[in-house]
Amino acid sequence: MKNLISLDSLTDIVSNSVGILIIFAVINLIHDNNKTYQLEIPIEHRTELSPAFFIIKNDSILAMDTDILFSNATLQATRGAATNERLFALDYFDILGKINEDKGVSFYARDTSKWPTFKELGKGNSKLTKTLNTLDAKTQFAFFFVYDSNDGDDQSTSASGFEAFREAREYLKTRRIKTGWRPVNDEAPANICKDHFGKRCDYLPSYLGDVR
Amino acid sequence: MAMSRATRYARYQQGEKLEISLFPFLSIFLCVMGVLSFINVLNSFSTPQKIELTAQLEQGYKVAYQIFSLPDGIISVPPTKHLLKLKAVVNNSDALVIEDILDRRSLSMQRLEKHQGSVMNLASEPDMDDILEAILDIRKLNQIALKANYLYEEFLLFGIYPNGGSAYQKIRDVMSFTRDAASISVGLEPLDSNWTLNLKPDLSSKKAFR
């Protein structure tokens, strides 16, 4: 009898450990199921601030240099390339343009491989961070045209520029810069026009208030 | 036939130590621990984040009329919570208007409540007449509240899911052509497709959906 080794204590430890792990798993499951996301309440409002435009597609963010874009669009229009609502190259990060009476100049983003990604946000040496840091909260707000789906191989419904926009918005929020946005796609592309074209040319910032 | 205890002991020679191998036991033990830990870690990463929104989302006196824009269409979640209070402070003709709006909104919410399964499946193509009616209702309610000097203002809050931009654009196009929408504030928020819509029941008015 004295040669027998008692497994009682070991069994006790094992059952306790496994039990605790099961409890952890159940708690984790319950906790995750109850995870809530409070919807922000941004409300568009009129402002004296002027918009700085950005396009977001495939997790990449491009600052739109409107001076270059509009001078190139004007050049193409004078050459006749922009007649009959044809698409024309704007020689700016593979963006195509189209001139439309209702929408002004529309922009179609194609290849985004040369655009900075939102993962560069906050990194001191990144071009994107430097561009966003040049915005002046007293005179400007950032307006984003956000593609509501990605192209290429990534056709999952979760794929869109929304996450990149949320990150950019959070970054700008820390710098007290207002943001506005609009979902875009090839059917309803990004467009810039003067406000006499109508409400489609309204570019308004939103403030992010607290949910009561 | 079961081996007796005496027979089992007889197999060991005297002076020989009894050795029990713990390897199979420890192997199973570590496997179970490992699998459970793996499930735990996996679960914490992969469980989709669930949005739980109350049907009555408000900011101060501003109350949201929520429209969720999905690839298959839209889901409208009209607010009902404060309408009875508003009705109590207005004149009879305005009270009738509020009652009519409240009835229609309650019916709409009941339809959402009664739906079995994911509420996301209820998305339907935006009906322009319904949108115009909703916009008109919001304008009427805001005007009535203003006239009664009651702090209440409804605004349109769009929750846009990936690939849900088209439905949103259609509504904004309609809004740009109707004067009723001119005075209505608008907000829009990007949502992720793995955020499932799950509205908490509103205990005060019992008008909510899951």
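A residue is called buried here if 20 or more other C-beta atoms lie within 10 Å of its own, exposed if 12 or fewer do, and partly exposed in between, with C-beta atoms placed from the backbone. The model is predicted: local features need pLDDT of at least 70, side-chain atom pairs count only at pLDDT 80 or more, and totals for chains, interfaces and linings use all residues. Residues are numbered from 1 along each chain as its sequence is written, and chains are lettered from A and ligands numbered from 1 in the order in which they are written.

**Chain A**

Select chain A. Of its 212 residues, 32% are buried. Colour by secondary structure to find four helices and ten strands; helices (H or I, at least four residues) and strands (E, at least two) are DSSP runs numbered from the N terminus. Their order from the N terminus is α-β-β-β-α-β-β-β-α-β-α-β-β-β. Two residues are in contact if their C-beta atoms, placed from the backbone, lie within 7 Å. Among chain A contacts between residues at least 6 apart in sequence, 65% link residues at least 24 apart.

**The largest core**

A nonpolar core is a set of buried Ala, Val, Leu, Ile, Met, Phe, Trp, Tyr and Cys residues joined through C-beta atoms within 7 Å. Select A:Phe54, A:Ile55, A:Ile56, A:Ile61, A:Phe144 and A:Val146, which touch the most other members of the largest nonpolar core, a set of 40 residues. Strand β7 (residues 140–147) of chain A gives this core its largest share, seven residues. Centre on A:Ile55: beyond its neighbours within four places in sequence, its contacts are A:Leu62, A:Met64, A:Phe107, A:Ala109, A:Phe145 and A:Ala190. A second, separate core has 39 residues, including B:Val63, B:Phe68, B:Ala145 and B:Tyr161.

**A stop at A:Gln76**

Go to helix α2 (residues 66–79) of chain A, where A:Gln76 is found. Is A:Gln76 buried or partly exposed? A:Gln76 is partly exposed because 19 other C-beta atoms lie within 10 Å. From A:Gln76 to A:Ala109 the separation is 33 residues in sequence and 17 Å in space, C-alpha to C-alpha.

**Chain B**

Now select chain B, with six helices and seven strands. They run α-α-β-β-β-β-α-α-α-β-α-β-β from the N terminus. Buried residues are 31% of the 210 in chain B.

**Two helix pairs in chain B**

Axes are lines fitted to C-alpha atoms, for helices over the stretch in contact, and angles run from 0 to 180 degrees between N-to-C directions. Show helix α5 (residues 128–147) and helix α6 (residues 165–177) of chain B; their axes come within 10 Å and cross at roughly 55°. α5(B) is therefore oblique to α6(B); angles under 35 degrees count as roughly parallel, over 145 as roughly antiparallel, 65 to 115 as roughly perpendicular and the rest as oblique. At this contact, B:Met128, B:Ile131, B:Leu132 and B:Ile135 of α5(B) meet B:Ile171, B:Val174 and B:Met175 of α6(B).
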